[in-house]
Amino acid sequence: APSLKEALAEKILAEQERVKALKKEHGSKILGQVTVEQAIGGMRGIPCMLWETSLLDADEGIRFRGYTIPELQEKLPGAAPGGEPLPEGLLWLLLTGEVPTPAQVSSVTEELRSRSALPNHVKALLGSLPAGTHPMTQLAQAVLGLQSGSKFAAAYDAGLHKSRYWEPVLEDSLDLIAKLPEIAAIIYRNAYAGGELIAPDPALDWAANLSAMMGFREHGALELMRLYQTIHTDHEGGNVSAHATHLVGSALSDPYLAFAAGMTGLAGPLHGLANQEVLRWIQHVTREIGESPSKEQLREFVWATLKGGKVVPGFGHAVLRRTDPRYTCQRVFAQKHLPDYPMFKLVSDLYEVVPDILTATGKVKNPWPNVDAHSGVLLQYYGITQESFYTVLFGVSRAMGVLAQGVWSRALGLPIERPKSLTVDAMLDRVKGQ
Ligand code: FCX
């Protein structure tokens, strides 16, 4: 059976031809137009990037290589029959476009295990950071700490032909993905368990090992981690963490440098940090109006948040216009594993209350919940109570999506990104007479 690299190499040749033909036959055709509003408004909706691993539909939500989340839950092998998918299987799918067999998934688990040893200097680096350094800052620093081992940077220095860039980029990507669980667990144990580390367990799959090294080995916690790590991988190319990784990678900065940029973007409260913000906001709710507030009390609280000039974290989206399927699958998980948990009840009540209020403001384009509205409550249930850590779990997962695309970006020879910017005067000049 072909290895992951062999399966990928087979796909690359055909896709290179397809992209070459697309450029040759349709290169001058129009994908969309750019308005002044879009240029000022965060480039919303401008189709201007090639991203192969996933595609977002505003109503339906994300598809990974054409598959919805429920389809992945059905098709990707789990740790046990009927269980949540193993993220290793999604990595195979993201890289090759094909749903893997159980044997192929095991081969990825093995491959990642063989690459997982963390250099001592990275452990020492994490141990040397001042207490209270935000876990996302620690994650970015640890990733940069690994950069000295970049095989792409070394191969580039040695003069590798550009048709082969994707090979050491794949090597770095697999090395980095393999090491992230232990990095995350060390950040967690240093911050919340007095630095008492737990050794990796070679009998566990990649996501289960992450949970176990953090100190959580219960069946439900392992299943949650597999699901969590699967659904946070990719959300097409324009979101801040994906686009930052893509942009920096386009300068041929190696995967460590590129991914570190993605992680500093994920650390923003309007993006990945929203899962921390949701938990804090929910805790604020329960402190102010108790664990089982009435819907009326919740409505008042939501309005007070808005009147305070703050966003309701976990709701809204730049592209989505319906409930995020990543929210829905976590809700289904909660209904199965923790139906009576009071915090889940609160999240469900917010689902009923918040959208009407955000709609009533008349300006929020999507009043529905996103992925971050649900994830923290599931983690709380299994004892992972430290919300400032949550975005690290998001980041570990995000590596699979953005690094898989990074391999493809180099395989397809995508150039350095360099969109055009304009001054206000230049914009006025261009619209004169229109
Ligand atoms: N609460 C309050 N106001 C909101 C809001 C929310 N949840 N969502 C949007 N708005 C406001 C915007 O702040 C903006 O107000 P302004 O005109 O006064 O500046 C107006 O509604 C229009 O914004 P809109 O076009 O709907 O949304 P954007 O594309 O600009 O922003 C995000 C999208 C996600 C940033 C926005 O909905 C938000 O801030 N949500 C809360 C934070 C959050 O949950 N982020 C996580 C998103 C995602 F899932 C992820 O990346 O992880």
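**View 1. Helix α19 is mostly covered in this predicted model.** Of the 22 residues in α19, 22 are buried. The helix covers residues 390-411. At 1.5 Å a residue, α19 should span 32 Å, and its end C-alpha atoms lie 33 Å apart, so the two values agree. The axis still bends, by about 35° at R398. Just after the helix, G413 has a positive phi of about 65°.

**View 2. Helix α1 lies largely in the open.** This helix takes in residues 4-26, 23 residues in total. From first C-alpha to last, α1 reaches 32 Å, close to the 33 Å expected at 1.5 Å a residue. The number of buried residues in α1 is 1, so the helix is largely uncovered. A residue needs 20 or more other C-beta atoms within 10 Å of its own to count as buried.

**View 3. Strands β1 and β2 form a hairpin.** Strand β1 holds residues 54-57 and strand β2 holds residues 61-64. They run antiparallel and are joined by 4 bridges. Between the strands sit 3 residues. L55 has R63 of β2 as its bridge partner.

**View 4. R65 has a positive phi in the loop between β2 and α3.** Its phi is near 45°. Helix α3 covers 69-75. Most residues other than glycine have a negative phi. R65 is not a glycine, yet its phi is positive. R65 has 19 C-beta neighbours inside 10 Å, so it counts as partly exposed.

**View 5. L252 also has a positive phi without being glycine.** Here phi is near 65°. L252 sits in the loop between α12 (240-250) and α13 (255-266). With 16 C-beta neighbours inside 10 Å, L252 is classed as partly exposed.

View 6. Along the principal axes, the C-alpha atoms fill a box of roughly 70 × 65 × 45 Å. Of the 434 residues, 44% count as buried.

Key: Residues are numbered from 1 along each chain as its sequence is written. This is a predicted model: local features need pLDDT of at least 70, side-chain atom pairs count only at pLDDT 80 or more; totals for chains, interfaces and linings use all residues. Helices (H or I, at least four residues) and strands (E, at least two) are DSSP runs, numbered from the N terminus. The expected span of a helix is 1.5 Å times one less than its number of residues. The bend at a residue is the angle between axes fitted to the seven residues ending there and the seven starting there. A residue is buried if 20 or more other C-beta atoms lie within 10 Å of its own, exposed if 12 or fewer, and partly exposed in between; C-beta atoms are placed from the backbone. Two strands pair if DSSP finds at least two bridges between them.
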